Every structure is written in structure tokens, then in C-alpha cells.
Amino acid sequence: MKRLAGIFAIVLIFCYASFGYQFYGYPYVQKIKNFTLIDQNGKEVSFYDFRGKYLLVFFGYTYCPDVCPTSMLRIKETLDHLGSYKKYVHVLFISVDPERDTAELLKRFVSFYDPSGKYITGLTGKPEEIKKVAKMFKAYYEKVPIKDNPEVGYLVDHTAFIYLIDKKGILRIIFRPANDDPKRIAQDIIQVIKIFGVE
């Protein structure tokens, strides 16, 4: 029954698209189970705390030299393109480097992209907790040692997808690195909000 509901949701999205809208990202349907991590204020928060919001989820880390800053800038610009729909959207930046990404570091990192602290939440936790959450999203990450730079020690190779989750916790669209146009990402988000509503 659940599988049929998922198939119906995919059909709904594509039917909607057939009436003049072509999705920029990759439509997808997956229920995300609840999880609990630590936010940038050192507070324990759960995924269900964000129910009622449309979520953009990105896995990265504060020491990331290139992919994460680029992706987070894209997310910031996407929020700016949402106009009046921005109030329905929230961003979760989930660290794949929990050994180094303390709440303090996350706070400094996310505040660069969201000085108001209203739209982006950084999350960290125990390595096994992060691994469990990443597995739900099928997000890959792996430490890569740097022998010639002992001060840094290692980088983390990871997927750079941006996941759009609806207000009920269902993954609806995946944006790949090639989907690098913030305006078009915002258009997809607005379309999804129009389909599934805000109540």
C-alpha cells in the first residue's frame, strides 16, 4: 500500500510537470524517519521538530575547502529567490565530520550564510548517529588522509546533493551538483509547495 502511495505521488509530480512545468531537479519519493542530533547552539533537536516546514538538507563539513562553501552559497541564493515562499523553507546542514565539527564551529559556519539564524540549522552528533542519518539519504562520505598536511589531517570526500523534503517529512526532489542554478532550484521548491500546500 505504501509503495502504491509513493508511485501515485511520483505520478502526481510528473502529471503536474506535464501541464507546462519541467522540474529542474530529480523527482523522488522517500519517507524520512525521525532522528535526533545536536544543533549549532548545543541543543538536541529532532527531525520531527521541523515538521510543517519544507526542508533543504545538505551533508557537508566546516573544514571543506570548496564543495561545501559553493553549495551553501547556492542554497543561500536559492533562499533569496524564494520571495514570499522563503518563510516556508528551512535548511539543515548535517556535518559528515562530527569529530571536528563542534556546535561552536557549526554556528560560525552557518551564520556566514544566515546571519539572522532563522533559516539554516547546523547539525552534528556522534559518528554512529551521523552514519545512520546519511544512510537514510543514501549520502556517501569517507575520510581522506592528507599525509603532507598534518595540521589538517584529513579531508572528507562526500556527495554534494541537496535534498528537498516536504512538510510531512517526505523526500520529494534531489538536486545534483549539476543543478547549480539557484533561481531554478527555487522555482522547483515553489512548485512543490504549490502542489503539497502550506497547511
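Residues count as buried under 20% relative accessible area, as exposed over 50% and as partly exposed in between (1.4 Å probe, protein chains only). The model is predicted: local features need pLDDT of at least 70, side-chain atom pairs count only at pLDDT 80 or more, and totals for chains, interfaces and linings use all residues. Residues are numbered from 1 along each chain as its sequence is written, and side-chain values use heavy atoms, with hydrogens and water left out.

View 1. Phe112 is exposed, at a relative accessible area of 62%, whereas Tyr113 is buried, at 9%. Rings of Phe, Tyr and Trp (its six-membered ring) pair if their centres lie within 6.5 Å; planes under 30 degrees apart count as stacked, over 60 as edge-to-face and the rest as tilted. Phe112 and Tyr113 form an edge-to-face pair, with 5.0 Å centre to centre and 85° between the planes. One aromatic cluster is formed by Phe58, Phe93, Phe109, Phe112 and Tyr113. The whole structure holds 13 aromatic pairs.

**View 2. The open sheet.** Helices (H or I, at least four residues) and strands (E, at least two) are DSSP runs numbered from the N terminus, and two strands pair if DSSP finds at least two bridges between them. Eight strands form an open sheet with mixed pairing, in the order β1-β10-β9-β4-β5-β6-β2-β3. Its edge strands, β1 (26-31) and β3 (44-46), each pair on one side only. Strands β9 (residues 162-165) and β10 (residues 170-175) pair in the antiparallel sense over four bridges; Ile162 has Phe175 in β10 as its bridge partner.

**View 3. Helices on the sheet.** Contact means heavy atoms within 4.5 Å; axes are lines fitted to C-alpha atoms, for helices over the stretch in contact, and angles run from 0 to 180 degrees between N-to-C directions. Helix α2 (residues 67-80) packs on the sheet and touches β4 (54-60), β5 (89-95), β6 (120-124) and β9, its direction making about 165° with that of β4. Helix α3 (residues 103-113) also packs on the sheet, touching β2 (36-39), β5 and β6, and its direction makes about 155° with that of β6.

**View 4. The buried face of α2.** The buried residues of α2 are Cys68, Ser71, Met72, Arg74, Ile75, Thr78 and Leu79. Seen down the helix axis, they fall within an arc of 155° (taken from the directions from the axis to the C-beta atoms), so they line one face of α2.

View 5. Ser46 lies in strand β3 and is buried at 13% relative accessibility. Not counting residues up to four places away in sequence, Ser46 touches Asn34, Phe35 and Thr36.
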